[in-house]
Amino acid sequence: MNARAADLAPPLLFGLVVLAAWEVGVKLLGVPAIILPAPSAILLRLVSSTPTLAADFLQTIRGVLAGYAIGSGAGLAVAILIDRSPFLQRGLLPLGNFVSALPIVGVAPIMVMWFGFDWQSKAAVVVVMTFFPMLVNATVGLAGAGPMERDLMMTYAADYSQTLRMLRLPAAAPFIFNALKINTTLAMIGAIVAEFFGTPTVGMGFRISTEVGHLSIDMVWATIVVAALTGSAFYALVNLIERRVTFWHASYRTRGN
Amino acid sequence: MKNVLPVTIVLVALFALWYGAAALMNASLQEDAFANAGDTNYTTGELVAAALEMERPKLPAPHQIAAELYKLVIETPPTSKRGLVYHAAITLEETVIGFVFGAAFGIGLAVLIQSTRILERSMMPWIVASQTVPIIALAPMIVVILNQFDITGLAPKAVIAAYLSFFPVTVGMVKGFRSPDPLQIDLMRTYSATQGQTFAKLRAPASAPYFFASMQIGAAAALVGAVVAEVTKSEDGGLGARLLAGSYYGQTVQIWAALFAATALSAALVGLIALAGRIVLRRMAFSR
C-alpha cells in the first residue's frame, strides 16, 4: 500500500504543479478567457453546466459503447473465422493494414449520410475504427500458442473447439486486451469527430464545435475534461478486467510477490 | 510475393461485394427516380445498371470512384483548384511540416524523460493518460485560438498535425531508449561510461526499431490531424475541405474520391518510412 502511494505521489504532485502554474500564469499575465481560461473557471463551468454536459455525455457514450462492442466483437469473430485459413489471412491482413491507413475522419460524413444524424451513425464510425485493430491483434494472438502446447492438446485428443477454448483463446488474451485498450481511445475519438459532421443538437463533439463558434472556450474545456475522464475511466476499466483475466501473464506476475 | 494471389482473390471478392451492396443500397433511390420520371416500365437489369450510374448514390460503385479520381487527378491540371492534386499537395505540406516538428519535439521530450528519473515518474503517467484523451477534440479550439494571434493559413493545421504526432513518438522512443538489456547497461557501467556515452553508444542505437515504428504511427497521426484541421478551417482547401464540401452537398462520389486520395497519401507516407526503416535496420544488423 505504501509502495503504491509512493508510486502515485510524483505524478499527482506534477499534475497539481501544472494546474497551479496554469491558474497563476493565466491570472498574472491576464490571458483573456477566450484564449485560455483558468482551471478554476473551467471547474466553475463544469459545476454550473452539469445538466448540459450530462446530456452530451449520454448521447455520445451510446454511440461509443454500441460501436465498441460491435466493432471489437466482429473483429474477434472474423479473426477466429479466418484463423483456419492461412490463405484468407494472407489476403485480408495486407488489406487491413491499408484500411488502417485510412484517415477515419473521412468515414464520418459517409456514415452520417447512411445512418442519419443520431447516435447510430456515430456507432457505425466507431465500428469501422475498432474492427481492424482487433482483427490484426487477435490474428497475431491466435497464432501465438507454442507448438509444444499444441502438441500436448493433440495428445489429449482435444478437438478444434476444445483447443481454441482451452489453449489458444487464453494464449491470445493479452493481444485481444491490447486491442480492446487501443479501441477505447479510438472509440471516443471516432464518436466525437463523427459528431463534427452532424448530430441532433446534443453530444460532446457537437458541443465542442458549436461552443468554439460562440468563443465560450471554458465550455469547450469543460467538455474536454468530461471526455478525458470518460476515456481514462473506460481505459482503466478494461485494464482492470485484463488484470483479472490474464493474471498469469509475465507483465503482471513479477509485481506483488 | 506469395501474398499476391490471396490479396488479388480477396480484392476481387471485395469488389463483387461492393457492387452488390451498391446495387442494393441505391436501388430504392433509383426506383424513386424512375417513379419521378414517370417511368414504370423497367426491368431489374435496367434498375441495377441505373443504380450503379447514379449521380449522387448512397454508395458509389468502384468504377464511378475510379472515373472521378481519373478526372480529378489525371485530366485536371495539378495547379487547378478543382483537381485533387492541388488539395492533396496542401494536405501533404501541412502533414510533413507538422510531422517533422512533432517528431522532433517528441524525441526531445523522450530524451529528457529517459535521462531524468523524477521526470519519468511524474510525467509518464500523464503522457499515458493523455493517450486516452480524445486529443482530436481539441483541434477546432486550437485553430480558433491561433486565429486570435493572427496565425492563419498553413500554420494552425501544421500545429495540430504536430500535436497529434508527438505523443506516439514520445511513448515509443522512451520505450526504445529503455530497450537495451540490463546486462548491456551493466557492461557500459563497467567501462565507466558516462550517462551521455551510454546514451550515444547504447541507448540511441538500440532504439532504432522503435524509432521507425513510432515514426510510422506519428506520420499517420499527423495526416489525420491535418485532415481534421482542414475540416474545421475549410476555406483554404485540402483533402479535409473536400470531404466537408462533399458532405454538405451530398456529393458522395467526391467524398469517396477524397477519402481514397487521403488513404493513398497516408499509406505512401507510412510505406516510405517503413522502407527506409527496413534498409537502415538491415544495415545496423538488427535481426529482422
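Two residues are taken to be in contact if their C-beta atoms, placed from the backbone, lie within 7 Å. Among contacts in chain A between residues at least 6 apart in sequence, 78% join residues at least 24 apart. The structure is a predicted model, in which local features need pLDDT of at least 70 and side-chain atom pairs count only at pLDDT 80 or more, whereas totals for chains, interfaces and linings use all residues. Residues are numbered from 1 along each chain as its sequence is written, while chains are lettered from A and ligands numbered from 1 in the order in which they are written.

**Confidence**

- For the complex, the predictor gives an ipTM of 0.72 together with a pTM of 0.79.
- The average pLDDT (the predictor's confidence in each residue, from 0 to 100) is 83 in chain A, where 95% of the residues score at least 70; chain B likewise averages 83, with 95% of its residues scoring at least 70.
- Among the elements of chain A, the highest mean pLDDT, 90, belongs to helix α3 (residues 50–83), and the lowest, 60, to helix α11 (residues 250–253).

**Chain A as a whole**

- Chain A has 11 helices and 0 strands, helices (H or I, at least four residues) and strands (E, at least two) being DSSP runs numbered from the N terminus.

**Where the two chains meet**

- The contact between the chains takes 43 residues from chain A and 43 residues from chain B.
- On the side of chain B that touches chain A, two or more residues come from each of α1 (4–36), α5 (117–131), α6 (139–148), α10 (208–232), α11 and α12 (252–283) of chain B, and α12(B) gives the largest share, 9 residues.
- By class, that side of chain B has 31 nonpolar, 10 polar and 2 charged residues, where Ala, Val, Leu, Ile, Met, Phe, Trp, Tyr, Cys and Pro count as nonpolar, Asp, Glu, Lys and Arg as charged, and the others, Gly among them, as polar.
- Helix α5 (residues 107–115) of chain A packs against helix α11 (residues 239–248) of chain B at an angle of about 10 degrees, with the axes 9 Å apart, which makes α5(A) roughly parallel to α11(B); angles under 35 degrees count as roughly parallel, over 145 as roughly antiparallel, 65 to 115 as roughly perpendicular and the rest as oblique.
- This contact is made by A:Pro109, A:Val112 and A:Met113 of α5(A) with B:Leu243, B:Gly246 and B:Ser247 of α11(B), a group of 4 nonpolar, 2 polar and no charged residues.

**Helix α6 of chain B**

- The buried residues in α6(B) include B:Ala139, B:Pro140, B:Met141, B:Val143 and B:Ile145, and the buried residues of this helix pack against α9 (204–213) and α10 (217–245) of chain A together with α7 (154–177) and α10 of chain B.
- Just after α6(B), B:Asp150 takes a positive phi of about 60 degrees.

**A helix pair within chain B**

- The axes of helix α4 (residues 84–115) of chain B and α12(B) come within 11 Å and cross at roughly 45 degrees, and the two helices are therefore oblique to each other.
- In this pair, B:Leu84, B:Ala88, B:Thr91 and B:Leu92 of α4(B) meet B:Ala257, B:Ala261 and B:Leu265 of α12(B), and the residues of the contact divide into 6 nonpolar, 1 polar and no charged.

Methods. Axes fitted to C-alpha atoms, helices over the stretch in contact; angles between N-to-C directions. Buried ≥ 20, exposed ≤ 12 C-beta atoms within 10 Å, placed from the backbone.
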